[in-house]
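Q: I would like to learn how to read a protein model residue by residue. Could you take me through one, giving the general idea before each case?

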Amino acid sequence: MNSTLPKHCQIVIVGGGIMGCSTAYHLMKNGCRDVILLERAKLTSGTTWHSAAQVRQLRSTESLTRLVQNSVELYSSLEAETGQATGWKQTGSLSIATNSDRLTHIRRQASLSKAFGIGAEEISVKNAAEKWPLMRKDDLIGAVYSPSDGRVSPSDICAALVKGAKSKGLQVFEDTPVTGIRSENGRVTAVKTVQGEITCETIVNCAGIWGRKIAAMVGVSAPLHACEHFYLLTEQMDSVTAPLPTLSDHDGHLYLRDEGGGLLIGCFEPQGKALDIDQLPEDFAFDLLPEDWDHIEPILANAMYRIPELEKTGVKMLLNGPESFTPGDRFLLGESPELRGFFLGCGMCSVGIATGGGAGRALAEWIIDGEPSMDLWPVDIRRFVPAQNSLRTLRERSPETLALHYAVSFPGRQHKTARNLRLSPLHSRLESAGAEFAERMGWERPRWFNPENKSTAPELSFEKPGWHSLHAEEHRAAREAVVLFDQSTFGKLLVQGRDAESALQRLCANNISKAHRRVVYTAMLNRRGGYESDLTLMRLDENSFLLITGTGQPVRDRDWIRKNINPDEYVTVTDMTGALAVISIAGPNSRELLSRVSSDDFSNTGFPYYSHRTVEVGPAMVRAARLSYVGELGWELYIPCESALPVFDALRKAGDDLGLKLAGIEALGSLRIEKGYCAWGHEIGPDDTPLQAGLDFAVKFNKPDWFIGRECLLQQKKQGVSRRLVMLTISDSEAYPHGGEPIWCDNILVGRTTSGTFGHTVGCAVMLGYIRCVETKIDTMLNTGKFEVEIACRRFKAHVTIDAPYDPKGFALRK
């Protein structure tokens with residue numbers, strides 16, 4: 001290792017675990033030559049060295065799966081490149097189910113694997129027992145086998161990565177803890193260490209369980225917290241004679257595999273234990289935490305039940321090591337929106353080895369190119385707000401995050417800890433009205449309302465949940481009467497300044513110069529033509545614009561706008577999310593409702609579609625915009641928070657005889673899917689273009705100003721799209737889609753769904769999804785193709801169209 005610390009370096013990586021080593025390797029491989037890696041103790045000495053090092057490829061999203069697939073590609077080839085053994089073994093993985101919910105879960109995984117090109121398949125219990133002869137099988141009802149999964153040696157893979165990086169000039173300094181970070185004018189400028197200061201342009205925080213501490217040195221949020229994480233090693237067992245696939249007995253909170261002639265038994269127990277890293281000694285390296293046999297005893301009982309031979313097998317060692325978890329069980333990646341040049345790759349949630357190879361590559365590309373090369377939103381640091389970074393919040397949430405790691409992935413599952421971080425001004429009214437809340441970015445949002453306190457069991461289900469009828473009532477009220485949504489959690493950004501219009505024209509694909517009294521729906525695109533965001537925009541005056549974006553997007557959107565403001569432009573971007581409440585009124589009776597609480601003209605001629613202005617509603621002055629996200633006549637009311645309750649009360653009082661119902665996000669979702677409206681993070685994201693999504697009406701190629709992504713869209717327009725967003729319906733009452741299901745056409749896999757629900761208006765399952773249209777034109781496919789959607793390894797006949805299955809009459813359509 002190097003001994004003399006340089007005075008300056010372009011990129012400084014902090015942390016020598018899997019993420020630090022992988023990021024360094026990929027930076028060097030992509031041509032960077034001025035990079036150093038600082039490690040507080042020795043390489044891999046924190047969490048990486050004691051990892052069980054499983055590499056399971058299938059994840060819940062395409063981008064996360066691609067990261068692990070990239071890891072597998074790297075791990076399987078790195079030894080040939082560097083001469084350093086990595087311990088890569090392709091042993092496969094085996095998931096078993098002992099109840100119907102778990103069986104549906106692993107079947108949905110098997111179906112999803114086909115869409116991602118992994119090839120997991122459902123196998124019989126008999127076949128599963130043949131692959132794992134040691135396990136008890138009499139209680140099993142199903143299994144899924146994935147042959148391409150494997151494992152590595154964690155220390156060896158890091159050694160290979162560092163060897164490859166050092167051959168291209170990487171400098172590594174062990175025993176060099178970071179003591180501080182300097183910044184100037186919103187950018188990092190230097191790293192302070194016990195050996196001196198290094199000035200730099202970029203810092204990469206790969207410090208593992210110490211990641212939050214490193215970030216705090218310069219006032220940056222890194223919402224992660226350490227937990228105790230257990231596995232044990234048995235004595236040798238005569239019955240373990242060959243490599244076994246990793247066995248996932250998640251109903252028992254277990255994973256098992258062969259190790260050293262015996263078994264490695266790991267767990268994600270139902271009651272996790274948070275760890276205060278300040279209690280660790282300063283020289284903590286290659287160390288373990290105290291054994292806790294009482295804590296692990298129930299898991300050992302599960303293991304002995306599954307593997308009866310363990311009752312007569314000795315234990316070699318119980319390992320208890322620190323591992324970091326985030327509030328959402330996905331790691332932190334990307335440039336901090338709080339400080340330019342400060343990147344994060346930490347909080348790995350026990351998937352560091354599995355994703356580290358691909359995540360290090362993605363982070364390196366982000367550092368070099370200034371933006372991600374793929375959709376990384378599921379792990380993007382910008383999905384959090386500082387309120388989620390408090391120590392109390394993280395200490396409460398991290399044990400639950402660990403405990404849910406192996407939980408059945410029911411749609412709509414909610415965390416129970418660290419709630420009520422951010423509350424709408426209407427929260428108390430909604431709670432009194434029987435709202436059941438869901439969390440998003442720390443906000444509490446109503447899912448549905450249960451004013452009569454009806455039974456809603458089961459609340460978690462892959463099929464029809466217990467609150468289905470409540471959801472249906474709200475959905476139908478929007479179509480037949482009028483509903484009120486609290487959408488105060490919408491992101492609201494105020495863009496102001498002399499150059500606000502020219503900057504937004506460059507950022508937005510639509511023409512925003514004509515936004516006076518008009519609402520403009522627009523995309524903000526990346527240089528690949530994909531969506532960085534979609535939003536609505538209202539011009540308030542010559543140099544002020546109000547941007548309305550999704551609940552999860554204001555941090556990301558503000559960061560993207562600020563990053564793309566030129567140095568000579570005078571533009572400010574202020575997050576106004578907490579200053580304004582938003583009430584959405586939608587349904588055939590919405591005009592009558594507003595007319596009862598306001599003297600303004602809400603007629604079609606007096607208040608045209610996609611227009612906005614200030615009006616009186618009840619006792620308050622609010623900004624009203626005529627639009628809705630549900631495919632019905634509607635308005636959004638933007639209200640100063642101090643006036644939100646009086647406006648809410650006036651609307652509810654006036655709507656009693658109009659059939660007014662409060663509605664939640666479950667109804668909002670089913671209503672927008674029926675109408676074919678896209679949602680960011682589902683139908684549209686960084687890898688999806690307006691042409692693919694059928695939203696080219698909101699792209700103005702002929703506007704006088706150039707916009708980001710224009711060249712890519714023009715090329716795509718000329719060549720034609722390779723995939724297209726479509727609508728799908730299934731009449732079979734046993735179909736319950738939730739998004740992520742493979743789409744088949746004439747027995748050929750052509751795509752997957754992005755959103756799915758039951759459409760209470762159309763009376764059947766309804767979905768949005770993308771299908772490939774390279775070999776065959778989209779019109780030909782829709783006219784002649786026989787489509788099916790695969791849900792949990794079962795195929796259902798589907799009707800596929802470009803147009804939405806629901807098209808209301810009697811109001812001005814967007815087009």
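Q: Where does Thr-47 lie?
A: Helices (H or I, at least four residues) and strands (E, at least two) are DSSP runs, numbered from the N terminus, and on that scheme Thr-47 sits in the loop between β2 (35-38) and β3 (54-55). This is a predicted model, in which local features need pLDDT of at least 70 and side-chain atom pairs count only at pLDDT 80 or more, whereas totals for chains, interfaces and linings use all residues. Residues are numbered from 1 along each chain as its sequence is written, and side-chain values use heavy atoms, with hydrogens and water left out.

Q: Is Thr-47 buried or exposed?
A: Buried means under 20% relative accessible area, exposed over 50%, and partly exposed in between, with a 1.4 Å probe and protein chains only. Thr-47, with a relative accessible area of 18%, is buried.

Q: Which residues is Thr-47 in contact with, leaving aside its neighbours within four places in sequence?
A: Contact means heavy atoms within 4.5 Å, and with those neighbours set aside Thr-47 is in contact with Ile-209, Pro-322 and Glu-323.

Q: How many residues of helix α16 are buried?
A: An α-helix has 3.6 residues a turn, so residues three or four places apart point the same way. Helix α16 (residues 665-675) is mostly covered, with eight of its 11 residues buried; among them are Ala-667, Leu-668, Leu-671 and Ile-673, and also the charged-type side chains Arg-672, Glu-674 and Lys-675.

Q: What covers the buried residues of α16?
A: The cover includes a helix, α11 (468-480), together with the strands β23 (482-486), β34 (723-730), β36 (748-759) and β37 (764-772). Just after α16 comes Gly-676, which takes a positive phi of about 80°.

Q: What joins Ala-457 and Pro-458?
A: The backbone angle to read here is omega, which is about -5° for the cis peptide bond joining Ala-457 and Pro-458. Pro-458 belongs to the loop between β22 (443-449) and α11.

Q: Where is His-105, and what does it touch?
A: His-105 is placed in helix α3 (residues 100-115), and it counts as buried because its relative accessibility is 8%. Not counting residues up to four places away in sequence, His-105 touches Ala-407, Val-408, Ser-409 and Phe-462. Its C-alpha is 50 Å from that of Ser-598, a residue 493 places away in sequence.
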